[in-house]
Amino acid sequence: MHFWDLVKLIMENLGRRKGRVALTAVGVVIGTAAVVVLVSLGLGLQKSATSQLYGISDLTRVEVYPGMNDSGGMAVGKVVMNGGGGGTDQGMNLLTPQTITDIQAIPGVKAVIPVDYMWAGGMLKYGKLEGWAQILGVGVEDLAAFNYPLQGGTTVLERNTAIIGSWIPNNFYDPKLRPGQDPPAPPDLLGQRVILVLSKYTSDGQEIRKNITVTIVGVLAETRGEADGTVYVRLDDATAWNEWSRGTRINRYREGYSRFIVQAEDTDVVLDVVDQINAMGYMAYTPQEYVSSINSFFTTLQIIFGGIGAISLLVAAIGIANTMTMSILERTREIGLMKAIGATNKDVLSIFLGEAAGIGFIGGLGGTVIGWLGGQVLNVVASAYLAQQAASGGGMMGGLAAVTPPWLPLFAIIFAVLVGLLSGLYPALRAANLEPVIALKYE
Amino acid sequence: MTNIPLIQIQQLRKVFTMGKQKVIALAGIDIDIPAGSFTVIMGPSGSGKSTLLYLLGGLDRPTSGRIMINQQSIESMDENALAQFRRNSIGFIFQSFNLLPSMDTLRNVGFPLWFSGISKAQRDKRALDLLRTVGMDNRALHKPTELSGGQQQRAAIARALVNNPALILADEPTGNLDTTSGLGIMQLLSDLHRSGRTVIVVTHDPRMLHFSTHTLYLLDGRLVSEAEYNAAASMIAQVTQPEENPTP
């Protein structure tokens, strides 16, 4: 029997009992719609939760610090002592230029950015105001590599320019402020020239200061993280200022960098990258570890939600089995006739299994459409509610309430068809194995 | 041309188990049916004639004995081989027509070809040719419920011929028809016989004997002579008549 002839025959047979098929399919519609809505809701909640985490920190980012080797007393895994790995200094596995090459060779690593603290001082002057900040030299010309949101200006760093975190203007104060006077408003520093005061001490304890003028070319938006209180400058600027402070040149192969910021290609590979860096003898951290535990919670939630929907489908499956059993009883003589004119057991099995799968498909299709529409209605209601909350100052605007990824409708329809096939299996086998002579004589 | 019969039945026995009781439907019969014959099997209800027909058609399996059709032993065939045998070698005609009510006449006639993987165009062409043969081409697009009993049986005969089988098996083909329609069907079966097919008809209807080349009489699962059958038939008639027409 040709496949399309089989499909046509199945459609005709289903069309013969439209009312019964429709009623049976309603059960599948409800089950599939429940699966689609509940899984969409679970995915929506997960997306909403993780998107807020993304706001705090980029989940593709890994912070790498020098590692303690075994002689240093800390067990940090395998220590690369030679053969192209990092250098060691007093029991430390240093982050050297060679380490950059080694880490970049790990699959899934997009970029390795060396960063260094500026220990030559952290005082800033703007007009009569003074302020303090952590100054960080970064080994990139464009801070966009860090994925920090920008409030204004540019992310491109040139010599003697800086990009500041959102909280830096609040750190400025008037040192000559008298008691009772109002403190000055935080200055708008974008495009302004700020004096960076470097200092070092002579052997007899005298402080020597040096003023460097830097132009603030960009202000970052709030990240609720380290970036808010940091002034970013180019690494070569920071190195030059540190060398001035120390009076000698810095050899990165011997002294290493303070830390690396490693960007992974996507969030899926971050944990692997962290494991491999740790195995090289360095200390790598990522917020992804925290996020993965949140993700596993939401996966469990989705399974529970999906399970609730699946129970509805189980009820629908019983309905399909019942309908098919009734149908086979009514059509026993028809089965006998088909066998008399040459249908094999496999032909009969295919026809009845196909009819059960057809009911599953019709119900799955309807359920998916209704489930998707239900998700959209949920989103509209949730958006209206959240907007109302935000307007009254009672809450933040969240993400969507339900998210239906393209795989979910496809999965739901395939699942519904499988439910149909499974529930039709027993009746179809009964039909296929009917003795033709008994079937023909059935009253 | 060989002298080997188309059908050779040896010691064919069929026993049905009904609860704890065993009912012997066929008590070990031997029959040879030549190719190209028109065989009528006569017998009262319960004589085993329909059982014999279903066994010949591969719709049932014997308890013991042997059925050779065209030198093929069908009792040893597996389910798939039997299905193929029924599809290619046998054309069944039933008392109650067994047309599918959801399909029009054309599609009912072409239905066996679905299982042979024949294309729709070829199915329709072959079905229409056969409907023309049985004088039903003008009813091709009517559903079975729109046809008379005689017309339905003509369509069923066309369906039995669609795979061009060598053997036609008919189970009480005129049982549900009025006299005129029944005679028409008998004539049609006779035409099939004259065209070279082997026809076996199980019937109560003695008019069918006018068309037959061979007649078999069955009583209680045994083959009997015509005289024995007639004696039994008249005895049955005597026993049942007073009850059917009680005198005042």
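**Entry 1: a word I need**

I count a residue as buried when its relative accessible area is under 20%. I note too that this is a predicted model.

**Entry 2: strand β3 of chain B**

I looked up β3(B) with that cut-off in hand. Five of its five residues are buried, so β3(B) is largely enclosed by the rest of the structure. Next I asked which residues sit on each face of β3(B). F38(B), V40(B) and M42(B) are on one side. T39(B) and I41(B) are on the other. Both faces are covered. I remembered a rule here: in a regular strand the side chains alternate between the two faces of the sheet.

**Entry 3: the partners of β3**

Which strands pair with β3(B)? I found β9, residues 214–219 of chain B, running parallel to β3(B) with four bridges. In this pair, T39(B) stands opposite H214(B). I also found β8, residues 198–203 of chain B. Five bridges join β8 to β3(B), and these two strands run parallel as well. Here F38(B) faces V199(B) across the pair.

**Entry 4: the whole sheet**

I then traced the sheet from one end to the other. Its order in chain B is β6-β7-β8-β3-β9-β10. That makes six strands in an open sheet, with mixed pairing. Where are the edges? They are β6 (90–93) and β10 (222–224) of chain B. Each has a single partner strand, so one side of each is left without a neighbour in the sheet. Neighbouring strands are turned by 25° against each other on average, direction ignored.

I checked what lies across β6 and β7 (167–171) of chain B. It is helix α2, residues 79–89 of chain B. This helix runs at about 80° to β6(B).

**Entry 5: the nonpolar cores**

How many residues make up the largest nonpolar core? I read 73. Those with the most contacts inside this core are F352(A), I7(B), L52(B), L56(B), F111(B) and I200(B). Helix α2 of chain A, residues 18–56, gives the largest share, seven residues. I recalled that in soluble globular proteins, nonpolar side chains tend to be buried together.

Leaving out residues up to four places away in sequence, I7(B) touches I31(B), D32(B), I33(B), L56(B), M68(B), I69(B), L167(B) and I200(B).

There is also a second, separate core of 40 residues. Among its members are L99(B), L106(B), L131(B) and L147(B).

**Entry 6: two asparagines**

N98(B) has one, near 55°. N98(B) lies in the loop between β6 and α3 (105–114) of chain B. Is N98(B) buried or exposed? Its relative accessible area is 11%. That is under 20%, so I call N98(B) buried.

N164(B) also has a positive phi, near 55°. I place N164(B) in the loop between α5 (149–161) and β7 of chain B.

**Entry 7: chain B in numbers**

I counted seven helices and 10 strands in chain B. Of its 248 residues, 51% count as buried. The accessible surface of chain B is about 11500 Å², and 50% of that belongs to carbon and sulfur atoms. Last, I checked contacts in chain B with a separation of 6 or more. Residues 24 or more positions apart account for 70% of them.

Definitions and conventions. Residues are numbered from 1 along each chain as its sequence is written. Chains are lettered from A and ligands numbered from 1 in the order in which they are written. Side-chain values use heavy atoms; hydrogens and water are left out. Two strands pair if DSSP finds at least two bridges between them. Axes are lines fitted to C-alpha atoms, for helices over the stretch in contact, and angles run from 0 to 180 degrees between N-to-C directions. Contact means heavy atoms within 4.5 Å. A nonpolar core is a set of buried Ala, Val, Leu, Ile, Met, Phe, Trp, Tyr and Cys residues joined through side-chain atoms within 4.5 Å. Buried means under 20% relative accessible area, exposed over 50%, partly exposed in between (1.4 Å probe, protein chains only). Accessible areas come from the Shrake-Rupley method with a 1.4 Å probe; for residues, only the protein chains shown count as cover.
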